[in-house]
Amino acid sequence: MSEIYLNAVDSLRIGIDFFLKERSYSSRKHTILTLFHSIELFLKERLHQENRLLIYRDIDAKITEDSSTVGIREILARLDNIGLGLPKDERGIIEKIQKRRNRIEHHRYDHKEADDIVIADSFKFILFFAEGVLKKDLASDIDLESLRAIRRAVFERNELDAIAHWRFDEWAKKQWPEWNPENEDIPEEFSGTLDCPICTESYLVIGYHDKPFCFHCNTTIDAADCPECGRTFLVDEGCGCGYGEQPQGTDADDLSND
Ligand SMILES: [Zn+2]
Ligand SMILES: [Zn+2]
């Protein structure tokens, strides 16, 4: 078994321990850091399976123990280039946890409830990738109780999503009685849902209720659509791109690093 895979499993195990310990600032912060590390290594393991040289940054130089290896951005690009690119949804999961991890690494950790979604999705990705792509059996490396706990987190997250979906459909059916969900994803006249700045899920509807409403949070959200970058933001906080923010201190730039 490769050392990269063992390293990935070790980080996953630590991530699960933090996740199960408590729901505090510190436990969530370390869960995100270790899970991101573990995802990076699982992906690197796929490159390594293909050809062990693919994990090195510079393969024209002599490879030694200390040769530097690729980071997440290059790993994803190399997987793409050899025809092993990840599906869009999986990529989205990695982007979300990477953003949260970069925020912690380069700036600070602002504990958000939505992180539980990011964490559950990361578990989902790892279960899919380790078993479906790497063809490994996590049950032989992770104790059963921990595996059950992460499967439960994934299950609960999927349930919440199903409920949000149902809520949206019920509302849309009242709004557009002609709409047949079996033929069309969303009603033709509907401009579409937006990303909610609280839960980060795409269940926010602006312009139909007295205030913007998120079907995942199931509450009104004081959100607006940014005329500069097109993303949604909390009116109180201003947009990450700088729009509507107080002039001092923008931290949009710390997300651009790897
Ligand atoms: Zn929401
Ligand atoms: Zn913006």
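Tutor: Let's start with burial: a residue is buried if 20 or more other C-beta atoms lie within 10 Å of its own, exposed if 12 or fewer, and partly exposed in between, with C-beta atoms placed from the backbone. This is a predicted model, where local features need pLDDT of at least 70 and side-chain atom pairs count only at pLDDT 80 or more, while totals for chains, interfaces and linings use all residues. Residues are numbered from 1 along each chain as its sequence is written.

Student: Why is asparagine 218 called partly exposed?

Tutor: Asparagine 218 has 13 C-beta neighbours inside 10 Å, so it counts as partly exposed. It sits in the loop between strand 2 and strand 3, and its phi is positive, about 60°, although it is not a glycine.

Student: And what makes threonine 200 count as buried?

Tutor: Threonine 200 counts as buried because it has 21 C-beta neighbours inside 10 Å. Threonine 200 lies in the loop between helix 6 and strand 1, with a positive phi near 70°. Helices (H or I, at least four residues) and strands (E, at least two) are DSSP runs, numbered from the N terminus.

Student: Why are strand 1 and strand 3 said to stand at the edges?

Tutor: Two strands pair if DSSP finds at least two bridges between them. The three strands form an open, antiparallel sheet in the order 1-2-3. Strand 1 and strand 3 (219–220) each have a single partner strand, so one side of each is left without a neighbour in the sheet.

Student: What makes strand 2 and strand 3 a pair?

Tutor: They are joined by two bridges in the antiparallel sense, and the criterion is at least two. Phenylalanine 213 has threonine 220 in strand 3 as its bridge partner.

Student: Which residues does cysteine 214 contact, leaving aside neighbours within four places in sequence?

Tutor: Contact here is C-beta atoms, placed from the backbone, within 7 Å. By that test cysteine 214 is in contact with Cys196, Ile198, Cys199, Tyr203, Leu204, Thr219 and Ile221.

Student: How many residues has the largest nonpolar core?

Tutor: That core has 49 residues, and Cys214 is among those with the most contacts inside it, as are Ile39 and Phe42. A nonpolar core is a set of buried Ala, Val, Leu, Ile, Met, Phe, Trp, Tyr and Cys residues joined through C-beta atoms within 7 Å.

Key. Chains lettered and ligands numbered in written order. Contact = placed C-beta atoms within 7 Å.
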